[in-house]
Protein chains: 2
Amino acid sequence: MINKRFRLAARPVGLPKRSDWTYEELPVAEPKDGELLIRSLYISLDPAMRGWMNAGKSYVPPVEIGDVMRAGAVGEVIASRHPDFKAGDYVSGMLGMQTHAISNGRNLFKLDAQAAPLPKYLSVLGMTGMTAYFGFLDVGLPKPGDTVLVSAATGAVGSIVGQIAKIKGCRPVGIAGGRAKCEYAVSDLGFAGCIDYKRGPIFPGIAQHCPEGIDVYFDNVGGEILDAVLTRIRLHARIVICGAISQYNNTTPIQGPKNYMSLLVNRARMEGFVVFDFAARYAEAIHQMSQWMKEGLLVSKEDIVDGIETFPETLLKLYAGENFGKLMLRVAH
Amino acid sequence: MINKRFRLAARPVGLPKRSDWTYEELPVAEPKDGELLIRSLYISLDPAMRGWMNAGKSYVPPVEIGDVMRAGAVGEVIASRHPDFKAGDYVSGMLGMQTHAISNGRNLFKLDAQAAPLPKYLSVLGMTGMTAYFGFLDVGLPKPGDTVLVSAATGAVGSIVGQIAKIKGCRPVGIAGGRAKCEYAVSDLGFAGCIDYKRGPIFPGIAQHCPEGIDVYFDNVGGEILDAVLTRIRLHARIVICGAISQYNNTTPIQGPKNYMSLLVNRARMEGFVVFDFAARYAEAIHQMSQWMKEGLLVSKEDIVDGIETFPETLLKLYAGENFGKLMLRVAH
């Protein structure tokens with residue numbers, strides 16, 4: 001049995017390129033006592049990966065040069081010498097960018113493969129969904145009737161935020177790149193409107209779709225769009241800083257929000273969060289979101305690409321805005 | 001009787017200059033029925049004045065070209081045809097940059113001239129004090145033991161924030177310009193330390209004085225200092241956006257905080273406020289701060305300049321950091 005994996009070879013400058021990785025194929029190790037062997041089936045690709053490749057303090061330690069790239073995955077236990085897991089179990093965890101992983105069982109979650117298709121455990125029922133749920137509800141503090149603006153609105157997180165906003169009686173408005181995504185946001189995700197940032201400056205779209213201003217802005221992108229939004233927030237608005245994908249591959253300093261004094265004028269707040277802080281409540285979110293899925297109130301779209309070998313190029317889809325739904329690799333059937 | 005006043009003649013570009021004002025001397029008007037005439041004694045000079053001179057939406061309407069400049073003042077009623085006021089009463093209100101004002105009594109507060117010297121009603125017992133009290137306590141949400149960093153630490157607002165922080169069991173650290181201000185911050189205001197931003201980059205000073213990071217940053221200045229602070233905030237830090245005096249006279253766009261993603265890494269918050277929102281609770285703050293003054297826990301310093309004629313040049317002291325304490329004009333004795 002062969003393990004295929006990617007290790008970090010160099011800290012990228014700008015967009016990661018293939019030479020920033022070392023691809024290896026090597027024999028799969030045997031689990032020792034207390035360990036188990038997992039064959040990964042789907043591996044999550046996330047915008048945050050770019051940050052993990054940088055040196056220096058962040059909310060998680062950086063991936064060191066030579067380490068297998070950090071990645072969330074779902075897989076099947078194929079051998080176990082751990083009392084809590086047996087061959088045939090489905091699990092999710094940070095298994096890394098590799099086809100096979102040895103685990104000691106820590107931070108590994110058993111999945112019910114009957115309850116939902118496995119890819120959902122990397123999207124709406126995984127970290128992505130948790131990020132949307134807690135970031136929007138606990139940091140955004142939405143109230144019924146609020147206008148909720150979401151960037152990357154058809155992305156993995158944004159699409160869920162928009163749907164939860166609607167469920168909670170808010171009026172979600174999206175920002176997405178291209179006509180197809182904008183149409184999908186309105187027709188399938190229930191956004192009241194969607195602004196196509198690829199068509200030009202977004203100011204007119206914000207004015208049109210958020211005529212009374214913005215109560216909650218769930219920001220996945222940063223940059224120019226955050227600055228534009230700041231000019232249209234309402235009194236006591238909450239800006240949830242979930243990410244800043246427009247800035248992750250900068251080779252120059254990050255663009256700070258030059259309109260941040262709008263926070264003062266509007267007595268508003270900009271707040272960041274990290275989903276791991278809500279780990280004790282993941283079960284609550286999974287239960288609630290499963291319920292909404294059963295009721296037909298919550299859908300999710302996965303963008304599944306075959307083959308771990310494609311990782312370096314597939315990852316770039318995220319930063320080019322080319323994914324449509326939660327991006328992941330299928331590495332086994 | 002002659003009223004001396006300044007009207008806005010032009011919207012300034014960069015620092016306001018004398019030609020941006022029209023200075024006039026004209027006969028004082030008579031109060032009509034329901035009105036009163038006030039002779040101003042002290043007029044407040046505030047950093048926010050620069051923003052009021054700009055066109056466009058803010059938390060208050062702009063001062064229009066031709067209007068008497070907006071300014072807070074304390075004065076003495078010298079004639080009254082208003083049932084609630086009589087000659088000899090001392091009052092405070094937005095009386096404008098003029099020596100005499102006609103008022104209909106709205107938003108006018110009677111002062112107890114025995115309880116505190118009149119200049120205190122423009123500093124610790126006025127809008128300045130209210131700004132410090134509510135901004136720090138209600139937006140900064142300090143907890144005992146917190147490290148509280150305050151920029152413009154010897155300024156009108158910052159000096160009060162530092163002292164309240166100490167009263168509340170926090171550890172206040174200041175940022176101020178020059179050795180004399182830094183010494184005053186520590187010896188008279190009780191800051192645990194003070195960083196002199198005029199001596200060079202403030203990173204080493206922050207590292208030295210806030211070795212465990214910053215829980216609350218009360219920001220009056222924005223710009224480079226805000227960016228430096230963002231690199232040293234602690235988990236769940238609160239950044240209170242009170243002002244951004246370093247940016248008010250920019251002729252280029254405001255410098256946004258390029259390290260704002262530290263809010264995400266540290267699950268932190270940046271929040272603005274406007275003191276007027278707390279008007280219903282001013283009495284509470286005045287009572288509390290008067291009490292602290294009596295107990296010797298709270299002092300304030302006023303920087304009093306004689307003569308309304310000096311207004312255009314005296315105002316610039318604020319933006320050059322040349323004031324030492326709450327800046328105001330004395331326009332009568």
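1. Domain division. Chain A of this predicted model is divided into domain 1 (2–122 + 301–330) and domain 2 (127–276); the bounds come from an automatic or database domain assignment. The C-alpha centres of domain 1 of chain A and domain 2 of chain A are 28 Å apart. Their contact draws on 16 residues of domain 1 of chain A and 13 residues of domain 2 of chain A, two residues being in contact if their C-beta atoms, placed from the backbone, lie within 7 Å. On the side of domain 1 of chain A that touches domain 2 of chain A there are eight nonpolar, five polar and three charged residues. In this classification Ala, Val, Leu, Ile, Met, Phe, Trp, Tyr, Cys and Pro count as nonpolar, Asp, Glu, Lys and Arg as charged, and the others, Gly among them, as polar.

2. Conventions. Residues are numbered from 1 along each chain as its sequence is written, while chains are lettered from A and ligands numbered from 1 in the order in which they are written. As the model is a predicted one, local features need pLDDT of at least 70 and side-chain atom pairs count only at pLDDT 80 or more, whereas totals for chains, interfaces and linings use all residues.

3. Helix packing in chain A. Helix 2 (residues 127–139) and helix 8 (residues 282–294) of chain A pack with their axes 10 Å apart and at an angle of about 95°. Axes are lines fitted to C-alpha atoms, for helices over the stretch in contact, and angles run from 0 to 180 degrees between N-to-C directions. The two helices of chain A are therefore roughly perpendicular to each other, a term that covers 65 to 115 degrees. Helix 2 of chain A contributes A:Gly129, A:Met130, A:Tyr133 and A:Phe134 to the contact, and helix 8 of chain A contributes A:Tyr282, A:Ala285 and A:Met289. By class, this contact has six nonpolar, one polar and no charged residues. Helices (H or I, at least four residues) and strands (E, at least two) are DSSP runs, numbered from the N terminus.

4. Strand pairing within chain B. Strand 3 (residues 36–44) and strand 4 (residues 73–80) of chain B pair in the antiparallel sense over seven bridges; pairing requires that DSSP find at least two bridges between the strands. B:Leu37 has B:Ala79 of strand 4 as its bridge partner. Strand 4 of chain B is also joined by four bridges to strand 5 (residues 90–93) of chain B, and these strands run antiparallel. Here B:Gly75 stands opposite B:Val91 of strand 5.

5. Interface between the chains. Chain B and chain A each give 25 residues to their contact. On the side of chain B, helix 7 (262–265) and strand 13 (269–272) each supply at least two residues, and strand 13 of chain B provides the largest share, four residues. That side of chain B has 15 nonpolar, five polar and five charged residues. Strand 13 (residues 269–272) of chain A pairs with strand 13 of chain B in the antiparallel sense over three bridges. A:Arg269 has B:Glu271 as its bridge partner.

6. Symmetry. Chain B is superposed on chain A by a rotation of 180° with 0.0 Å of shift along its axis (RMSD 0.0 Å). The two copies are thus related as by a two-fold rotation axis. The superposition is by least squares on the C-alpha atoms of residues with pLDDT of at least 70 in both copies. Of the residues of chain B, B:Gly256 comes closest to the rotation axis, at 2.1 Å (C-alpha). Moreover, 100% of the interface residues of chain B are also interface residues in chain A, so the copies meet through the same surface.

How values were computed: Angles under 35 degrees count as roughly parallel, over 145 as roughly antiparallel, 65 to 115 as roughly perpendicular and the rest as oblique.
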